[in-house]
Every structure is written in structure tokens, then in C-alpha cells.
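Come along and look things up with me.

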Amino acid sequence: MKTNDLIFQTVTKVVVFIIIIYSLHLFFSGHYTPGGGFIGGLMTASAIVLLLLAFDIKTVVNTLPIDYIKMTATGLLIALLTGIGSFFFDVPFLTHTFSYVDLPVLGKTSLATAVLFDLGVYLVVIGVTMTIIQTIGETE
């Protein structure tokens, strides 16, 4: 028996957008303030879980046709390659660097290699969390 949760579904559409925007803020601000790839990935996964609660699993899978196992593998590859990249500059594994670049719209901006590592962590956290949640949800 499926209930008609119109208010919950409508509010979820707005709240999911807010959660994802905030998770991206946490992801990008994680180098100078608390945050980063792990908490950003958890926030994004929580937004997708909220969608699963408001809608059924088939609707969410049709709307977001993402293979979370491939997402996890991609994140691991990005994190690993970021670490291996340090060997090309004869520095220890996972040594990160940054540089300041003058971008047209943003002005003077720091670009750090830690962002690439955090991207890998972000993708791994979303992929693993959603794989576990969907596996549990599909068995019921």
C-alpha cells in the first residue's frame, strides 16, 4: 500500500537542493575551515536518502541512474592517482601543493591538489553509503 505524501515529496524537492548546495560548500571550504570530501559526501548521500524516503526506490533510480559501485571505483582511482602524482616531483606519497592563480571572474584564487584528493574521498563516501543503503532497501 502506497500513501500519497504530497507535502513530504514537495518539501523534499526543495530541501534536497539546499542540502546538496551546502554539501558542495562544505566540500570546497574544507581546506581552510572544517569540512572536506568526507562530510560533503555524507551530506550528499543524506540528500539522496531523503529522496528515497519521500519517493520509492524505483523512482529515485530512474531519476538518478548512477552506478554507485563505479562511482566508488572512480573515487578510489582519483585519490590513488593524486597520491601517486607526488612521486613525479620526488616528494613523499600524498604530499600536496597549492598555487595562486588569477582567474577572470574569481580573481586571485588558490588551487590545491588536495581538492583532487577530496574529490576522490567525496565520490567514495557517496558510492559506498548509497550502495549499502540501496542494498538494504532492495532486500525489503
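**Entry 1: a loop residue**

Before I start, one cut-off: a residue is called exposed when its relative accessible area is over 50%, and buried when that area is under 20%, with partly exposed in between. I also note that this is a predicted model.

Asp 90 has a relative accessible area of 73%, so I wrote it down as exposed. I found Asp 90 in the loop between helix H4 (68–85) and strand E1 (98–103).

Leu 94 went on the page next, as Leu 94 is found in the loop between H4 and E1. Here phi is near 65°, again a positive value in a residue other than glycine. Leu 94 has 32% relative accessibility, so I put it down as partly exposed.

**Entry 2: two helices side by side**

I turned to the helices. Two packed helices are described by the angle between their axes and the distance between the axes. What do those two values look like for helix H1 and helix H2? The axes of H1 (residues 6–29) and H2 (residues 37–54) come within 8 Å and cross at roughly 170°. That makes H1 roughly antiparallel to H2, because an angle over 145 degrees counts as such.

Then I checked who makes the contact. On the H1 side I listed Phe 8, Gln 9, Thr 12, Val 15, Val 16, Ile 19, Ile 20, Tyr 22, Ser 23, Leu 26 and Phe 27. On the H2 side I listed Gly 37, Ile 39, Gly 40, Met 43, Thr 44, Ser 46, Ala 47, Leu 50, Leu 51, Leu 53 and Ala 54. How many of these residues are nonpolar, polar and charged? They divide into 15 nonpolar, 7 polar and no charged.

**Entry 3: a few residues up close**

I picked Gln 9, which lies in helix H1. Is Gln 9 buried or exposed? Gln 9 has 16% relative accessibility, so it counts as buried. Leaving out residues up to four places away in sequence, Gln 9 touches Ala 54 and Phe 55.

Ala 54 is buried, with a relative accessible area of 5%. With residues up to four places away in sequence not counted, Ala 54 touches Phe 8, Gln 9 and Thr 12. I also checked Ala 54 against Asp 5: the two are 49 residues apart in sequence and 7.4 Å apart in space, C-alpha to C-alpha.

Back in helix H1, I looked at Phe 17. Phe 17 is exposed, with a relative accessible area of 58%. From Phe 17 to Ala 47 I noted 30 residues in sequence and 8.1 Å in space, C-alpha to C-alpha.

Val 60 took me to helix H3 (residues 57–63). Val 60 counts as buried, at 5% relative accessibility. Which residues does Val 60 touch, not counting residues up to four places away in sequence? I found Leu 51, Leu 52 and Phe 55. Val 125 is 65 residues from Val 60 along the chain, and their C-alpha atoms are separated by 19 Å.

**Entry 4: the rings**

Last, I went through the aromatic side chains. The structure holds 4 aromatic pairs. One of them joins Phe 27 and Phe 28: the ring centres are 4.8 Å apart and the planes stand at 80°, so the pair is edge-to-face. I compared how the two partners sit: Phe 27 counts as buried at 4% relative accessibility, whereas Phe 28 counts as exposed at 54%.

Phe 98 and Tyr 100 make another pair, with ring centres 5.7 Å apart and planes at 90°, so I noted this one as edge-to-face as well. Phe 98 is exposed at 52% relative accessibility, and Tyr 100 is exposed with a relative accessible area of 51%.

Phe 27, Phe 28 and Tyr 122 form one aromatic cluster. What sits over the ring of Tyr 100? I found the charged end of Lys 108 there, 5.1 Å from the ring centre.

Notes. Residues are numbered from 1 along each chain as its sequence is written. This is a predicted model: local features need pLDDT of at least 70, side-chain atom pairs count only at pLDDT 80 or more; totals for chains, interfaces and linings use all residues. Side-chain values use heavy atoms; hydrogens and water are left out. Axes are lines fitted to C-alpha atoms, for helices over the stretch in contact, and angles run from 0 to 180 degrees between N-to-C directions. Helices (H or I, at least four residues) and strands (E, at least two) are DSSP runs, numbered from the N terminus. Angles under 35 degrees count as roughly parallel, over 145 as roughly antiparallel, 65 to 115 as roughly perpendicular and the rest as oblique. Contact means heavy atoms within 4.5 Å. Ala, Val, Leu, Ile, Met, Phe, Trp, Tyr, Cys and Pro count as nonpolar, Asp, Glu, Lys and Arg as charged, and the others, Gly among them, as polar. Rings of Phe, Tyr and Trp (its six-membered ring) pair if their centres lie within 6.5 Å; planes under 30 degrees apart count as stacked, over 60 as edge-to-face and the rest as tilted. Buried means under 20% relative accessible area, exposed over 50%, partly exposed in between (1.4 Å probe, protein chains only). A charge sits over a ring if NZ of Lys or CZ of Arg is within 6 Å of the ring centre and within 35 degrees of the ring normal.
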